[in-house]
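Here are my notes on the model you sent.

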Amino acid sequence: MDNSGSHKEGVSRTYKGNDGFAPMAVYIGQEGYCLDFEFREGKQHCQKDTPALLENSLRNARRITKQPQLMRLDGGNDSIEVVIYSLDTTRHWKGYDYQIRQVIRVTERTIDKHGQSLLIPDIRLEGWWTSLELDEQAIIQLYCDHGTSEQFHSEFKTDMDIERLPSGKFAANAVILACSVLIYNILRWIGQIGLIGSRSPKRHKAKRRRIKTVMQDMMNIAVRVVKTTNRIKLSFGKGCCSYEAFNWVYHKLAYG
C-alpha cells in the first residue's frame, strides 16, 4: 500500500521500493472472499508472523468448509516453517531433514509477444515447491491461478480506494482495514448472488464480478424513495437493467 509522502505511524520502506504499508492478505475460494487481512508496517518481511496468521486462517477456513484445502503461497513465503513438503529433494532446517518435491519448467522463446524474431532466444526458468503428488502440468496450472489474487489486491486498493489510509495512527488504520474486509466480502457476496447468472444485467459471462462492477450495478442505482402509511418503497426506473438482480439479492437478505 503506497503511502509515500506521508508521516503516518508504521509507514516505512516496502519491498516495492516505496514508503507505505505491507499487509498480508489471505483469500479463500476462486471467488476471492477475504479470510484474513493482517495490517503490517511497510518494512516487515512477508514471512515474519505469517505461520501464526496461516494457522489462524486455516482454522477459520475449516469452520467455513469441509472440502479439501490447497494452500497456495507467494514466493516470499517459501519456507519450511510454513509448508511441509514431500518427495524428491532434501532440505535441512533447524536440525531436521525434510523431503520435498520441486517441479521445474524451462521455456525457450524465439519470438516476442509482438511477433518480432529474437537474435538470442529468451530462456525462462520457473520452479515450484510442492507437497502435491499430482503430475507436473496439473501442479503448474494450479499455481498459475495464484496470479488471480493480485486482482483481489487491486480491488481493495483501487475499486474500494483504501490504498492511502486516512489516519496517522497505525491502530486506527488497522480498524479501517478490518472494516474494509467486511465491506469487501459483503460486496463480493452480492456480486456472486446477483450478478452471476440469468438475473444479471447483460454482459459477458464470468465466475465473479469486480467490486467496482458490483458498486456500479447494484449500489449506485437511481431510485425514488416513496413513503406510504405502512411502508417505505423504492421505485425503480422502467428501464433499470439491474432491477431483477437487486430484487433477488434483497429477497435473499430479507427472507433467507
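Are Tyr27 and Phe152 buried or exposed?

1. Tyr27 is buried, and Phe152 is buried too. Keep in mind that this is a predicted model. The structure holds 8 aromatic pairs. In one of them, the ring centres of Tyr27 and Phe152 are 5.0 Å apart and the planes stand at 55°, so this pair counts as tilted. Tyr27 belongs to strand β3 (residues 24–28) and Phe152 to helix α3, so the pair ties together parts 125 residues apart in sequence.

2. Next, Phe39 and Phe170. Their rings form a stacked aromatic pair, with 4.5 Å from centre to centre and 25° between the planes. Phe39 sits in the loop between β4 and α1 (50–64), while Phe170 is in helix α4, so parts 131 residues apart in sequence are tied together by this pair. Phe39 and Phe170 are both buried.

3. Asp36 deserves a look. This residue is in strand β4 (residues 33–38). Asp36 is buried but has no salt bridge. The nearest side chain of opposite charge is that of Arg59, 8.5 Å away. What Asp36 does have is a polar contact of 3.4 Å, side chain to side chain, with Asn56. Leaving aside residues up to four places away in sequence, Asp36 touches Met24, Ala25, Val26, Leu53, Asn56 and Ser57.

4. Val181 is placed in helix α4. Its relative accessible area is 12%, so Val181 counts as buried. Cys34 is 147 residues away along the chain, yet the C-alpha atoms of Val181 and Cys34 are separated by 6.6 Å. Beyond residues up to four places away in sequence, Val181 touches Cys34, Phe37 and Phe156.

5. Which residues of helix α5 (residues 211–219) are buried? They are Ile211, Thr213, Val214, Asp217 and Met218. These residues cover an arc of only 150° around the axis, so they lie on the same side of α5.

Definitions and conventions
Residues are numbered from 1 along each chain as its sequence is written. This is a predicted model: local features need pLDDT of at least 70, side-chain atom pairs count only at pLDDT 80 or more; totals for chains, interfaces and linings use all residues. Side-chain values use heavy atoms; hydrogens and water are left out. Helices (H or I, at least four residues) and strands (E, at least two) are DSSP runs, numbered from the N terminus. Buried means under 20% relative accessible area, exposed over 50%, partly exposed in between (1.4 Å probe, protein chains only). Lys and Arg count as positive and Asp and Glu as negative; His and the chain ends are not counted. A salt bridge is a side-chain nitrogen of Lys or Arg within 4 Å of a carboxyl oxygen of Asp or Glu. A polar contact is a pair of N or O atoms within 3.5 Å; within protein, one must be able to donate a hydrogen and the other to accept it, and residues adjacent in sequence count only if both atoms are side-chain atoms. Contact means heavy atoms within 4.5 Å. The arc is that of the directions from the helix axis to the C-beta atoms. Rings of Phe, Tyr and Trp (its six-membered ring) pair if their centres lie within 6.5 Å; planes under 30 degrees apart count as stacked, over 60 as edge-to-face and the rest as tilted.
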